[in-house]
Amino acid sequence: MHDEPSGAALLKTAGEALAAEIIPTLTGRARYAAAMIGNALGIVAREIEQGEEIARVWDRALACAGPDASRETLVAAIRDGRHDADHALHAALVETAEVAAAIWKPTALQRG
Amino acid sequence: MIADARKVALQAWLGSRLDQPDLTLGEIHPLSGGSIQENWKLTCRLGGKDRSFVLRKDAAATIASSRTRAEEFAILQVAHAAGICTPEPIGFCHDPAVLGAPFAVMGLVEGVGLGPRVAKDLSLGGDREQLAERLGRELALVHGIRPPQEALAFLEQPDPHPALAAIRGLRAKLDALNAARPSLEWGLRWAERHAPEPLPPVLVHGDFRTGNYMVDSEGLTAILDWEFSGWGDPLSDLGWFCAACWRFGQTEKEAGGIAPRAAFYRGYEAQIGRPIDDAAVRYWEVVAHLRWAVIALEQAYRHISGAEPSLELALTGRLVPDLERAVLRATTPDCWRA
């Protein structure tokens, strides 16, 4: 049992404080660096929150390559042409990319 | 910084290069440079007038796919001689005694190059359709340079199938990074299966996109960043320029985030004198996303490996899934030939 607020919630609050109180006071390189720090905090917070979902979508993708498949064996199978036009794998890979893209930037998926 | 003793040597070299022994070197300012090289602005007095130049020199960390400064300068000379809108090549100094490393000097070009600003700030670049047309014509001039060229004898021989060579190269880089990325592999496999017939080899710019040319309020002022040029398939440059990942948020403007695709095609076709194979350009747009994804992984690895700790490089690694989404969208199972 972790203490409250959770790590993810704390990072989210830290990011909000950075955006509201620090970034507006900065200019130039420092502002750019602070904005990058804000991005990094948001990514980590979302990654913590989405941990189970990340595991689920990767399990589904790896299951397409058989039992005990790893990302490395899946890569080898794709290169060998064993998954050409594989509908199930394509759908599963789209899920892995969408979950990770939304962790990177929540607005990414709105662009279609 | 450039030390005072070096400034004396630089002034003498530049004066002799321009045949202006009375040239005096004034201020030297750092310019926002790439991660690959250092750029400096030199202000000089010669023949009773002020004139500004750009000096380019290798930065500490360089990546393997970047050409030597001397080769880049030779490509710039060939491009400039072909009438392409580039900075004026002034001279190349091979002697490390002058500045500690070889360097190139070009005429300074005024303008804005930063991709997001060029895409967003409509007070720049003049009429955007005309800008895209002009860029199409300029690119066609680049593609008018064909092998063999004595001045470009250092370039690798053209590969008979540049798309397949690109795929081999990207797979080798993924392997070197130990990066197991099934979505990129899906795209690479599709690209291997669906590569169009290559066009005869031409000089390709290799990084022709918004962000690598400069504009002022009127229009184009210079095409920059020739360090990835080589013999290749001309449509690879068109795909890189139009790829969604280089539109800087202006997704509906398919020509580099600045204008409709048709304007860019129109300029290119008028200059090159043959129609563009649009399906082949779209193929190269998929390859463009794959290439940018691999470059992003390489940049992240510079941070991860400890070679160059940097939050910016670290964050670059995280944009890869968004590129993977674009690749997967363009290569759905119904896009595969049986």
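**View 1. Chain B as a whole.** Chain B has 12 helices and 9 strands (DSSP runs numbered from the N terminus: helices are H or I with at least four residues, strands are E with at least two). Its radius of gyration, taken over C-alpha atoms, is 21 Å, close to the 20 Å that the globule rule (2.2 Å times the number of residues to the power 0.38) gives for 338 residues, so chain B is as compact as a globular protein of that length. This is a predicted model, where local features need pLDDT of at least 70 and side-chain atom pairs count only at pLDDT 80 or more, while totals for chains, interfaces and linings use all residues. Residues are numbered from 1 along each chain as its sequence is written, with chains lettered from A and ligands numbered from 1 in the order in which they are written.

**View 2. The side of chain B that touches chain A.** Here 21 residues of chain B are in contact with 28 residues of chain A (contact: C-beta atoms, placed from the backbone, within 7 Å). Helix 7 (182–193), helix 11 (311–317) and helix 12 (320–330) of chain B each give two or more residues to this side. The largest share, 6 residues, comes from helix 7 of chain B.

**View 3. Helix 4 of chain A beside helix 7 of chain B.** The axes of helix 4 (residues 71–79) of chain A and helix 7 of chain B come within 9 Å and cross at roughly 5° (axes are lines fitted to C-alpha atoms, for helices over the stretch in contact, with angles from 0 to 180 degrees between N-to-C directions). The two helices are therefore roughly parallel to each other, a label for angles under 35 degrees. Look for A:Arg71, A:Leu74, A:Val75, A:Ile78 and A:Arg79 meeting B:Pro182, B:Glu185, B:Trp186 and B:Arg189.

**View 4. A cis bond in a loop of chain B.** The peptide bond from B:Pro147 to B:Pro148 is cis, with omega near 0°. You'll find B:Pro148 in the loop between helix 5 (128–143) and helix 6 (162–176) of chain B.

**View 5. A positive phi at B:Phe248.** B:Phe248 isn't a glycine, yet its phi is positive, near 50°. B:Phe248 sits in the loop between helix 8 (234–242) and helix 9 (261–272) of chain B. With 20 C-beta neighbours inside 10 Å, B:Phe248 counts as buried (buried: 20 or more other C-beta atoms within 10 Å of its own; exposed: 12 or fewer; partly exposed: in between; C-beta atoms are placed from the backbone).

Notes:
Contact = placed C-beta atoms within 7 Å. Parallel < 35°, antiparallel > 145°, perpendicular 65-115°, else oblique.
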